[in-house]
Amino acid sequence: MTDLVIGADGLPRCAWGASTPDYAAYHDTEWGQPLHGDDALYERMTLEAFQSGLSWLTILRKRPAFRLAFDEFRIPTVAAYSEADVTRLLADAGIVRNRAKIEAAIANARSALELPGGLSAMLWSFAPAPRPARPASFAEVPAITPESTAMAKALKKRGFRFVGPTTAYALMQATGMVDDHLDGCHVKPTGTA
């Protein structure tokens, strides 16, 4: 499989985005699109942390259940979760039932409440300047960058868990802080020509 493929619809896209219908929809409408808002970014951060060690497709398919289980990822609501909520979440077969990740999601909501300017402003402060050109292949796409390393360090300092440099970079890719769609991919970030 090459890094860029022509889909059944005749559109060129990043190969991973053409591998399943779920990925195609996510690739074409969400991945790499600028996302703002504290709750929206908290959701993405949480899902990226839950993805660690698993396929993103697993998380994508469980996302509706995650949204239901975590009260639509409303930060104040999740921050108020108790041990009873941890028990409830551990019993929910619709999500990934990992105690450390569940407890991290709750701790991260509490830490997000403490950020003076909010989570969105804090995360976007690490977005690098746009590249002069999109990558030609996925060999040119890093797993971590100085910006993702700095983001992870700043998050850890503020009490966040399960957001290392690799997870931070995946978050940056998913939320449009960086554009890692390949050169020739039909998807353009919102607000670009």
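I took contact to mean heavy atoms within 4.5 Å. The model is predicted, and I kept that in mind throughout.

Entry 1, helix α9.
I began with α9, which covers residues 165–174. I looked up how many of its residues are buried, taking buried as under 20% relative accessible area. The count is 8 of the 10 residues, so α9 is largely enclosed by the rest of the structure. I listed the buried ones as T167, A168, Y169, A170, L171, M172, Q173 and A174.

Next I asked which helices the buried residues of α9 pack against. They are α1 (21–29), α2 (38–51), α7 (119–124) and α8 (146–157). I also checked the residue just after α9: G176 has a positive phi of about 75°.

The crossing of α2 past α9 is right-handed.

From α2, the residues that meet α9 are L41, R44, M45, E48 and A49. On the α9 side they are T167, A170, L171 and A174. I noted the make-up of this contact as 6 nonpolar, 1 polar and 2 charged residues.

The spacing of such positions can be read from helix geometry: an α-helix has 3.6 residues a turn, so residues three or four places apart point the same way.

I stopped at R44, which lies in helix α2. Is R44 buried or exposed? It is buried, with a relative accessible area of 7%. Setting aside neighbours within four places in sequence, I found R44 in contact with Y26, E30, L35, R63, L171, A174 and T175. Two of these names, L171 and A174, I had already noted among the α9 residues that meet α2.

I then turned to helix α6, residues 99–113. Its axis comes within 10 Å of the α2 axis, and the two cross at roughly 155°. That makes α2 roughly antiparallel to α6. This crossing is right-handed as well.

The α2 residues here are Y42, M45, T46, A49 and F50. They meet K101, I102, A105, I106, N108 and A109 of α6. By class I recorded 8 nonpolar, 2 polar and 1 charged. M45 and A49 are listed here, and both are also listed in the contact with α9.

I looked up which residues touch the most other members of the largest nonpolar core, which has 48 residues. They are F66, F70, L119, L123 and M151. Helix α3, residues 56–69, gives the most to this core, with 6 residues.

Leaving out neighbours within four places in sequence, L123 is in contact with L41, M45, M151, L155, L171 and M177.

F73 is not a glycine, yet it has a positive phi of about 60°. I placed F73 in the loop between α3 and α4 (75–79). Its relative accessibility is 0%, so F73 counts as buried.

F162 also has a positive phi of about 60° without being a glycine. It is found in the loop between α8 and α9. F162 is partly exposed, at a relative accessible area of 36%.

Notes: Residues numbered from 1 in each chain as written. Predicted model: local features only at pLDDT ≥ 70, side-chain atom pairs only at ≥ 80, totals over all residues. Heavy atoms only, no water. Buried < 20%, exposed > 50% of the residue type's maximum accessible area, 1.4 Å probe, protein only. Helix = DSSP H or I, 4+ residues; strand = E, 2+ residues; numbered from the N terminus. Core = buried A, V, L, I, M, F, W, Y, C linked by side-chain atoms within 4.5 Å. Left-handed = near helix turned anticlockwise from the far one by under 90°. Nonpolar A, V, L, I, M, F, W, Y, C, P; charged D, E, K, R; others polar. Axes fitted to C-alpha atoms, helices over the stretch in contact; angles between N-to-C directions. Parallel < 35°, antiparallel > 145°, perpendicular 65-115°, else oblique.
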